[in-house]
Amino acid sequence: MPLSRSLSMTSLSGVLPAWEEEELPVEDLLLFEVAWEVTNKVGGIYTVLQTKAKITVDEWGENYYMMGPYYEHNFKTQVEACEPPNPAVRKAMDALIHNGCQVHFGRWLIEGSPFVILFDVGSAAWNLDRWKGDLWETCQIGLPYNDREANDSLILGSLVAWFFKELIDQLGDKPNVIGHFHEWQAGAGLILSRCRKIPMATVFTTHATLLGRYLCAGNADFYNNLGKFNVDKEAGERHIYHRCCLERAAVHCAHVFTTVSQITAVEASHMLHRKPDVVTPNGLNVKKFSAMHEFQNLHSTSKACIQEFIRGHFYGHLDFNLDKTLFFFIAGRYEFTNKGADIFLESLSRLNYLLRVHKNDMTVVVFFIMPAKTNNFNVESLKGQAVRKQLWDTAHTVKEKFGNRLYDALLKGQIPDMNSILDRDDFTIMKRAIYATQRHTLPPVTTHNMIDDATDPILSNVRRIGLFNSRNDRVKIIFHPEFLSSTSPLLPMDYEDFVRGCNLGVFPSYYEPWGYTPGECTVMGIPSVTTNLSGFGCFIEEHVSDPAAYGVYIVDRRFRSAEESCNQLTQFMFSFCQQSLRQRIIQRNRTERLSDLLDWRYLGRFYVHARHLALNRAFPDKFKMDPMAPLKTEGFRYPRPYSVPASPSASVHSTPHHSDVEDDDDDDDDDYEPYDEDEEAERDRLNIKAPFVLGDVQEGK
């Protein structure tokens, strides 16, 4: 689903560097992208493939195909079956079908509607032992019988390599074929294609190394010991040696090896013993609004929905001002250490202390959106929303009576007596409603009944730091152990709407090869916290001169101790709490201006470069390029926003400039210093010497 942003004078698309590489003759090429997550949502690779499809189809047209495993339910709900437009593809499919393997073709019903070729792994399982023998004879990699995922990946890879052999036999020398393989599950197809000397260009992309994931999940001091790990020994101890062999073989067999970020490139160099040829960052499909104020309006609308939930959840303890309440959140897979939930909770404890010591009237409500094992909503959370709704209905009933009596009195030319305009029954109803809001327990920390309540990492750390949503706490915690849905009886919002309503996304990850969550925040104009150990954080550091000025705070977890990183995160959040309403609005405008930098229309060029390089290495006589020439994006950096002072104060690091006459009342517009967002964006654009207007990708034939 495309994420919406504004199209206005505040766009910085004019500063993106030009792309001067020669266009590929797509009419003489066929591009196949192979991944386990084509039409099959498992993790983040699904998002990469889904969002990138539109720009790839625009470039390649009907010469672009995606390949993956066939699942009946996914095919029926996501794919429109049709016939292949290319007769060679049809004949290659028929060759497999006539040999007892089921192959399905259609259009994936996402933006761009790319063609998909899906192989039924189960229908070809009878070949598994023979294909295991082929794999062993060609590259001495053996797969254990009890690893179903590895066995299924071998079946898929064997079918893909078989398909490519049949296809190229039909095509001959023209058109040439490019195969782009994602992750180790698709790696077997690349290995077998190269071992059988099938004439095609190959690209392999790792989104995270297998061993890296396992080591970080085990709380290893990963980045400080990258060069010290015995890779084979560590993989063997975790029973994934055969998977790592498949991954490493695919990396070394590919003409071009790519990763999604600089930090993953460093990891891959040590874990897989090959330096990536190209870094291909992950982008987003950015849908543009017609005016800047629209995304600010969406923020206000979504924030109002979150405030309604807060009114119910904290009934009886709603002694804080919702207009002076900030909403922070963290979301993603429940990997407590990898996602940085550990350092986040410790920082929240310190933030709570700072807010109380400085007598700050700001309240922070923090949401943890991480799916965990639950058996249902807890009764107290449901009761809170029921009480809120009952109060709302009571208030409306009394308001109707009050309005009618006031209207009648004014028609008669009388100023009504306020003591008589509401009768005793009205006061009785209101008193009963007030008594119903009384509670003798604290608002719950979690919205669901947790199955492993005693050992749950988040709840255990909440108990340790003592943030139980008491009246004295300026930081409140709500753990929602389920993905958000607009059909939920508790918090009826989709994830995108929820993000728009929050003030800050906090993602202090320790292991995050890319990290879509802070990128989604940026596109929606919501400031976020990331780290220099996440791919997104490294990308922003490389391309933006002062990330914090644009609402992207980068915690140093690579070169600082955990204690120092925790203090830095606390300072970022405390500084954010000290901003005025106007400063937050200005910062959201700046944050949203980075959207062009994360759009696939810009980031898709890295994939273009990788394909061109692969063709040059596979068919050097046909495709010429200088493999040593640097990418045109290297060295490019966004400037500092014009309104940020050259030497920001230490207390508010890189935040929008304070007005000299601004007082504590955020609603007093007369005291604001002059500020023109369009004028500032225009100055930012002029700071870059080589202007470039980001145009649409030409459609393929």
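## Gln307 and its surroundings

Not counting residues up to four places away in sequence, Gln307 touches Leu322, Asp323 and Phe327. The model is a predicted one. Gln307 is found in helix 11, which covers residues 293–313. With a relative accessible area of 11%, Gln307 is buried, because buried means under 20%.

Another residue to look at here is Thr325, 18 residues from Gln307 along the chain. The C-alpha atoms of Gln307 and Thr325 are separated by 9.1 Å.

## The chain as a whole

The secondary structure of the protein chain comes to 24 helices and 19 strands. The chain has 701 residues, and buried residues make up 58% of them.

Contacts can also be sorted by how far apart the partners are in sequence. Among contacts between residues at least 6 apart in sequence, 76% join residues at least 24 apart.

## Helix 1 against helix 23

Helix 1 spans residues 44–60 and helix 23 spans residues 600–618. Two packed helices are described by the angle between their axes and the distance between the axes. Here the axes come within 10 Å and cross at roughly 75 degrees. Helix 1 is therefore roughly perpendicular to helix 23, a term that applies to angles from 65 to 115 degrees.

On the side of helix 1, the contact is made by Val48, Thr51, Lys52, Ile55, Thr56, Glu59 and Trp60. Helix 23 contributes Trp600, Arg601, Tyr607, Val608 and Arg611. Sorted by class, the contact has six nonpolar, two polar and four charged residues.

## Helix 6 and its ends

Helix 6 runs over residues 183–195 and has 13 residues. From its first C-alpha to its last, helix 6 reaches 19 Å, close to the 18 Å expected at 1.5 Å a residue. Helix 6 is mostly covered, with eleven of its 13 residues buried. Among them are Trp184, Gln185, Leu190, Ile191 and Ser193.

Glu183 is found in helix 6 and is buried, with a relative accessible area of 10%. Most residues other than glycine have a negative phi. Phi of Glu183, however, is positive, near 65 degrees. Helix 6 is followed by Lys197, whose phi is also positive, near 55 degrees.

## Two loop residues

Asn219 lies in the loop between helix 7 (210–217) and helix 8 (231–237). Phi of Asn219 is near 60 degrees, a positive value in a residue other than glycine. At 52% relative accessibility, Asn219 counts as exposed, because the cut-off for exposed is over 50%.

Asn127 lies in the loop between strand 6 (115–119) and helix 4 (128–139). At 2% relative accessibility, Asn127 counts as buried. The side chain of Asn127 makes a polar contact with the side chain of Arg130, at 2.8 Å.

Helix 20 covers residues 562–577, a run of 16 residues. Helix 20 reaches 23 Å from its first C-alpha to its last, close to the 22 Å expected at 1.5 Å a residue. The buried residues of helix 20 include Leu569, Phe572, Met573, Phe574 and Phe576.

Arg584 lies in helix 21, residues 581–593. Arg584 is buried, with a relative accessible area of 5%. Leaving aside neighbours within four places in sequence, Arg584 is in contact with Leu326, Met362, Asn503, Phe576 and Gln579. One of these partners, Phe576, is among the buried residues of helix 20.

Conventions
Residues numbered from 1 in each chain as written. Predicted model: local features only at pLDDT ≥ 70, side-chain atom pairs only at ≥ 80, totals over all residues. Heavy atoms only, no water. Axes fitted to C-alpha atoms, helices over the stretch in contact; angles between N-to-C directions. Helix = DSSP H or I, 4+ residues; strand = E, 2+ residues; numbered from the N terminus. Parallel < 35°, antiparallel > 145°, perpendicular 65-115°, else oblique. Contact = heavy atoms within 4.5 Å. Nonpolar A, V, L, I, M, F, W, Y, C, P; charged D, E, K, R; others polar. Expected span 1.5 Å × (residues − 1). Buried < 20%, exposed > 50% of the residue type's maximum accessible area, 1.4 Å probe, protein only. Polar contact = N/O pair within 3.5 Å; in protein donor to acceptor, adjacent residues only side chain to side chain.
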